[in-house]
Amino acid sequence: MSKQVIFNLAVKDVEKSKAFFSSLGFTFNPQFSNERAAMMIIEEGSIQAMLTSEDFFQSLTGKPVAQAKEANEIVICLTCDSREEVASLVEKAVAAGGRTPHPLEDEGFMVSQGFEDLDGHLWNLVWMNPASRTSQASQ
Amino acid sequence: MNKQIFVNLPVKDLDKSKAFFEALGYGFNPQFSNDSGACMVIAEGSIYAMLLTEPFFKTFIDKPIVQAKEATEVLVCLSCESREEVDDLVARAVAAGGHTPRAAQDHGFMYAHAFEDLDGHIWELVWMAPQA
């Protein structure tokens, strides 16, 4: 069986966060969702995110919940199929109440832009140009 | 094309973190690694972690870095093939200098345990019973 990853991220309002990511085109698995957490499908069978209410999240970690609008522990980077997909997702995120901390970066072999969701979690979207290859470390 | 994910996490000492995850059995992609970051392969072609030095990580955010030993923004949960794999990874993590925040949880259909890495990032390991 292939490895799956699930990112648990704390959110202040599960319903608002579901609406935010739904407007970006992501769907949810109702089987693994309730009022305290919603499972968002990023890539069926391999990559999921659990949007988890802060109270529930805290019960899982034993440490304070980092307020992601003030400081970050993680940058989640997702590959996209095209430059247009990167731009379109960022545009939808901003329209739905997110923000973008950086302008789009075009390095030729790679196009990237990030957005912050409603809780300050940072998502970076990257399109790697298949026409070029690099040995640079990139994220 | 399938979506791929790169989990970018800040680390205080890249070499020590690489050694830690190597002790757990993970390999690195040298093509995407240098002095500022190391690309750890979790599932080839799909899931990677980028261990980034704090100064390099900082260039991707416009906020301070969370000190993960003190507060948590994310739990990275990985599926395992068996209960034994869950236990083995946690044992290796503890032997390599990590620690486990709690005892294993056995729900019958699901077996879960977790470890904190050298920087305090929490990794959850879960085995789910194949659906009948």
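Two strands count as paired if DSSP finds at least two bridges between them. I keep that in mind for what follows, since the model I am reading is predicted.

**Entry 1: the sheet**

I looked up how the strands are arranged. Eight of them form an open sheet, in the order S2(A)-S3(A)-S4(A)-S1(A)-S5(B)-S8(B)-S7(B)-S6(B), with mixed pairing. At the edges I found strand S2 (27–29) of chain A and strand S6 (105–106) of chain B, each of which pairs on one side only. I also noted a helix against this sheet: H2 of chain A, residues 54–61, packs on it. H2(A) touches S1, S3 and S4 of chain A together with S5 and S8 of chain B, and its direction makes about 110° with that of S4(A).

**Entry 2: pairings, one by one**

I then went through the pairs.

- S3(A) and S4(A) run antiparallel and are joined by six bridges; Glu43(A) stands opposite Ile47(A).
- S1(A) and S4(A) are parallel, with seven bridges; here the partner of Val5(A) is Ile47(A).
- S1(A) and S5(B) are antiparallel over five bridges, and Asn8(A) has Leu75(B) as its bridge partner.
- S5(B), residues 74–79, and S8(B), residues 122–128, are parallel over five bridges; Leu75(B) stands opposite Ile122(B).

**Entry 3**

Is S4(A) mostly covered or mostly exposed? I found it mostly covered, with six of its seven residues buried. S3(A) and S4(A) form a hairpin with three residues between them. Gly45(A) sits in that loop and has a positive phi of about 85°.

Why does Gly45(A) count as exposed? It has 11 C-beta neighbours inside 10 Å, and a residue is exposed if the number is 12 or fewer. I also checked a distance: Gly45(A) and Ser17(A) are 28 residues apart in sequence and 22 Å apart in space, C-alpha to C-alpha.

**Entry 4: where the chains meet**

I looked up the contact between the chains, which takes 40 residues from chain A and 42 residues from chain B. On the side of chain A that touches chain B, S1, S3, H2, S5 and S8 each supply at least two residues. The residues on this side of chain A divide into 21 nonpolar, 13 polar and six charged.

**Entry 5: the core**

The largest nonpolar core has 69 residues. Those that touch the most other members are Phe7(A), Ile76(A), Ile5(B), Val7(B), Met50(B), Leu51(B) and Val76(B). Strand S4 of chain B, residues 47–53, gives the largest share of this core, six residues. I followed one member, Ile5(B): leaving out residues up to four places away in sequence, it touches Val5(A), Ile42(A), Ile47(A), Ile76(A), Cys77(A), Leu78(A) and Ile47(B).

**Entry 6: confidence**

Where pLDDT is low, the predicted coordinates should not be read in detail.

Technical notes: Residues numbered from 1 in each chain as written. Chains lettered and ligands numbered in written order. Predicted model: local features only at pLDDT ≥ 70, side-chain atom pairs only at ≥ 80, totals over all residues. Helix = DSSP H or I, 4+ residues; strand = E, 2+ residues; numbered from the N terminus. Contact = placed C-beta atoms within 7 Å. Axes fitted to C-alpha atoms, helices over the stretch in contact; angles between N-to-C directions. Core = buried A, V, L, I, M, F, W, Y, C linked by C-beta atoms within 7 Å. Buried ≥ 20, exposed ≤ 12 C-beta atoms within 10 Å, placed from the backbone. Nonpolar A, V, L, I, M, F, W, Y, C, P; charged D, E, K, R; others polar.
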